[in-house]
Amino acid sequence: MPSTRMAMRDDVSVEDDAASGRRTPLLEVDDVRVAYPQRGFRRPDMEILHGVDLTVRPGETMGLVGESGSGKTTLGRAILGLTPVASGAVRFGGVDITRMPCRTRVARDIGVQAVFQDPYRSLNPSLRVGDLLAEPLRAKGMSKSDAFGRIGSLLSQVGLPPDTASRLPQAFSGGQRQRIAIARALAVRPGLIICDEPVSGLDLATQATVLDLLVHLQDTLGVAYLFITHDLSVVRYISHRVSVMRGGELVESGDCRTVTENPRHPYTQRLLAASPVPDPDRQQRRRALFESLPAS
């Protein structure tokens with residue numbers, strides 16, 4: 001990823017940190033625990049999240065990074081109301097949405113949307129793109145004509161031509177489908193988008209264009225992101241702040257530059273050392289550093 005963009009995002013984070021800290025967080029996750037039932041008679045529930053605390057400020061990107069099975073996707077699903085919360089609270093804009101039913105969320109216009117990992121399964125293959133984009137608008141009570149009137153501007157925002165609306169999702173590449181998914185998330189003008197590994201299934205060149213699109217949309221619309229990924233280079237590219245998750249709990253949080261360049265926790269140090277770099281000499285030094293670190 002180009003280093004200029006990483007530096008710009010870090011600079012924004014540092015310069016705006018004091019002012020951002022004075023603002024009420026857009027999203028507050030307070031001591032959230034999630035547990036799933038286990039098979040077997042009287043077996044206790046298995047706790048997946050162990051008292052997670054996290055905030056996202058208006059207009060910023062909070063990167064949530066961790067290996068597979070760390071619980072980061074479970075946290076995203078808990079925020080979206082797709083996974084029940086055993087204890088703790090999730091507040092959005094000061095409103096407790098922890099156990100708010102999906103229909104109530106829609107009726108009250110809770111401004112949280114999602115872009116999921118797989119662009120091939122997140123879009124209904126039987127619906128044309130125009131219908132996919134109109135669907136969330138119609139759910140909010142917008143008339144059919146007004147909903148379809150918004151589709152052109154949504155497609156333009158994500159860099160797709162107007163005739164995209166008349167085609168089925170299978171006519172598009174993975175990167176184009178992810179742009180459609182982003183447009184769908186933007187349709188109801190959310191304050192926060194949960195991005196769950198949105199570029200992990202794309203090639204590197206397409207990853208960069210989608211990340212640049214997300215940055216541009218944030219700069220122009222002021223939308224905030226909770227960006228879930230296992231890739232430190234991606235999180236460094238797009239995030240203002242970063243939280244590192246391991247085994248269902250956050251082990252380190254801070255501004256992007258500090259966490260991704262000078263991490264304190266041994267687990268984050270191992271993630272950084274294991275992250276590949278394009279320079280062979282640096283990669284060799286990083287490999288040696290990784291092998292010298294104690295198992296965390």
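Me: Which element gives the largest share of the lining of the largest pocket?
Reply: Strand 6 does, with 4 residues. Keep in mind that this is a predicted model, where local features need pLDDT of at least 70, side-chain atom pairs count only at pLDDT 80 or more, and totals for chains, interfaces and linings use all residues. Residues are numbered from 1 along each chain as its sequence is written, and side-chain values use heavy atoms, with hydrogens and water left out.

Me: OK, and what counts as a pocket and as a strand here?
Reply: On a 1 Å grid over the protein atoms alone, a pocket is an open set of points with protein on both sides within 12 Å along at least five of seven lines, and lining residues have an atom within 4 Å of a point. Helices (H or I, at least four residues) and strands (E, at least two) are DSSP runs numbered from the N terminus.

Me: What volume does the largest pocket have?
Reply: About 600 Å³, taken as the space filled by probe spheres set on the grid points, which are joined across faces, edges and corners.

Me: Which residues lie nearest its centre?
Reply: Val106, Val112, Gln113, Ala114 and Arg184, out of 21 lining residues. The elements that give two or more residues to that lining are helix 3 (102-107), strand 6 (112-115), helix 4 (129-139) and helix 6 (174-186).

Me: How does the lining divide into nonpolar, polar and charged?
Reply: 15 nonpolar, 2 polar and 4 charged. Ala, Val, Leu, Ile, Met, Phe, Trp, Tyr, Cys and Pro count as nonpolar, Asp, Glu, Lys and Arg as charged, and the others, Gly among them, as polar.

Me: Switching to strand 9. Why is it described as largely enclosed?
Reply: Because 5 of its 6 residues (241-246) are buried, strand 9 is largely enclosed by the rest of the structure. Buried means under 20% relative accessible area, exposed over 50%, partly exposed in between (1.4 Å probe, protein chains only).

Me: Which sense does it take with strand 3, parallel or antiparallel?
Reply: Parallel, over 4 bridges, with strand 3 at residues 61-65. Two strands pair if DSSP finds at least two bridges between them. Met62 has Arg241 as its bridge partner in strand 9.

Me: And strand 10?
Reply: Strand 10 (residues 249-255) pairs with strand 9 in the antiparallel sense over 6 bridges. There Asp255 stands opposite Arg241. The hairpin of these strands has 2 residues between them, and Gly247 takes a positive phi near 60°.

Me: Arg241 again! What does its side chain meet in a salt bridge?
Reply: Glu60, at 2.6 Å, N to O. A salt bridge is a side-chain nitrogen of Lys or Arg within 4 Å of a carboxyl oxygen of Asp or Glu. Glu60 lies in the loop between strand 2 and strand 3 and Arg241 in strand 9, so the pair ties together parts 181 residues apart in sequence. Glu60 and Arg241 are buried.

Me: How many salt bridges does the whole structure have?
Reply: The search finds 8. One of them joins Arg33 and Glu47 at 3.0 Å, N to O. Arg33 sits in strand 1 (residues 27-36) and Glu47 in strand 2 (residues 46-56), so that pair ties together parts 14 residues apart in sequence. Arg33 is partly exposed at 28%, and Glu47 is partly exposed at 34%.

Me: Which residues are linked in a network?
Reply: Glu28, Asp30 and Arg91.

Methods: 1 Å grid on protein atoms, 1.4 Å probe; cavity = no way out; pocket = protein on both sides within 12 Å on 5 of 7 lines; lining within 4 Å.
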